[in-house]
Amino acid sequence: MDTVVIGAGQAGLATSRWLAKKGIAHVVLERGRIGQSWRSQRWDSFHLNTPNAINRLPDDPYQGPDPDGFCAAGELLAYFEQYAAVRELPVVEGARVTAVRRFEDGFEVVASDETRSCRNLVLCSGDQNTPVVPSVAEALPEDLLQLHCADYRRPEQLPAGATLVVGSAQSGVQIAEDLLEAGRQVYLCTSKVGRIPRRYRGKDITTWLRLAGLAEQRPEDLEDPSELHARQGQVSGTHGGHTVSLPQLARDGVKLLGRLEAVKGRTLLLGDDLEANAAKGDELSAKLRGGIDMFIEKAGLEAPQAEADPAEEPFAGLADMAAVRELDLREAGIRSVIWATGFGPDFSYLEPSLLDERGRPRHQGGVCAVPGLYCVGLTWLRRRISGLVAGVDADAAFVATKIAERSA
């Protein structure tokens, strides 16, 4: 076999399509079913945070009824399955890769007790598929139900009583909203995460980011390299898409808290950073809006004036919430905890020497130092948009071209 692709999510399907277009024999190995991470790590009400029109795979322009809508995970999975079937992509489901061995001019890939030899190997399994839970979880009382957001599905899954959500990036604030809509009392331990306005000056924020070229930013273009490791900004695609903010969650009834520092018996010890965390959201929102204003002016574009977004209005009671430094779980009625504390990569099938200090493959724009080894679908692989459904087409085309050159 010329090429083996590991993973059949958006990156693997896009890579497979481009390899087929270039006439390169290949197979795609998927640990579960097509789009397994989307299938197994999303809650029932989850919607994508990018509009339908840009969530496309190669050679498949959007033809649906609502290009500005935000599809549910189930709709995305149906699209992936249809795409693979119509284009007859060589996907093998239920083939979990457990080992990769290098030899003189290629690789041996062990999956489900079958070994395949190949000259090229493309890693498309992503870097956001292993739930991360902090060690402080071990100190919580045993009678609390604890779930990572990867295992949360719906409010009815939780016992009666209040829920503590830890982490206020995209998953944390969206799950907090999901619980609120079900009439649950929610406490939210916040973190330093930026806020992304859903719409600004007549367009969805993603449209402006693409027009201004920000979606195409490369890692080396960033003034602050720490952006490469920043949490996904607060925004939502549910209910037609809307801005999510800590002030709005507080107005809706969420009890905001500082970071969770420690647990002493049945008492949470909290940081004094709630106001700073809220300010971090304001900071990114203001930066994005200012950048868009500047782009509109320099490009000489016509656009409506900035409209007020009620979700971005300050919350008067924030200082009182910030003063809370301890919280008794029993008094608060908290019976469950959801850890919205992110995901890490799982490249345990690779030799440690191929991975960097964060457990990700060492690469330069998707091309690894080892001849024949490539990546697609990692966050910030080549551009800001690389880790999204909307970003895999160009990256897959680039890698497939490199493979074709090597095969030639």
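**View 1. An open sheet of five strands, paired in parallel.** The strand order is β9-β18-β10-β11-β14. Strands are DSSP runs of E with at least two residues, helices are runs of H or I with at least four, and both are numbered from the N terminus. Two strands pair if DSSP finds at least two bridges between them. β9 (145-148) and β14 (255-257) are the edge strands, each pairing on one side only. From one strand to the next, the twist averages 20 degrees. The model is predicted: local features need pLDDT of at least 70, side-chain atom pairs count only at pLDDT 80 or more, and totals for chains, interfaces and linings use all residues. Residues are numbered from 1 along each chain as its sequence is written, and side-chain values use heavy atoms, with hydrogens and water left out.

**View 2. Strands β10 and β11, with helix α4 on the sheet.** β10 (residues 162-166) and β11 (residues 186-189) run parallel, joined by four bridges. V166 has C189 of β11 as its bridge partner. Helix α4 (residues 170-181) packs on the sheet and touches β10, β11 and β18 (334-339). Contact means heavy atoms within 4.5 Å. The direction of α4 makes about 170 degrees with that of β11. Axes are lines fitted to C-alpha atoms, for helices over the stretch in contact, and angles run from 0 to 180 degrees between N-to-C directions.

**View 3. Cysteines C118 and C124.** The count of disulfides is zero. A disulfide is a pair of cysteine sulfur atoms within 2.5 Å. For C118, the closest cysteine sulfur is in C124, 12 Å away, so the two are too far apart for a bond. C124 is in no disulfide either; its nearest cysteine sulfur, that of C375, is 8.3 Å away. C118 is buried, at 4% relative accessible area. C124 is buried too, at 7%. Buried means under 20% relative accessible area, exposed over 50%, and partly exposed in between (1.4 Å probe, protein chains only).

**View 4. Helix α1 crosses helix α10.** The axes of α1 (residues 10-21) and α10 (residues 392-407) come within 8 Å and cross at roughly 45 degrees. The pair is therefore oblique. Angles under 35 degrees count as roughly parallel, over 145 as roughly antiparallel, 65 to 115 as roughly perpendicular and the rest as oblique. The crossing is right-handed: the near helix is turned clockwise from the far one by less than a right angle. In α1, Q10, A11, A14, T15, W18 and L19 meet V392, D393, A396, A397, A400 and I403 of α10.
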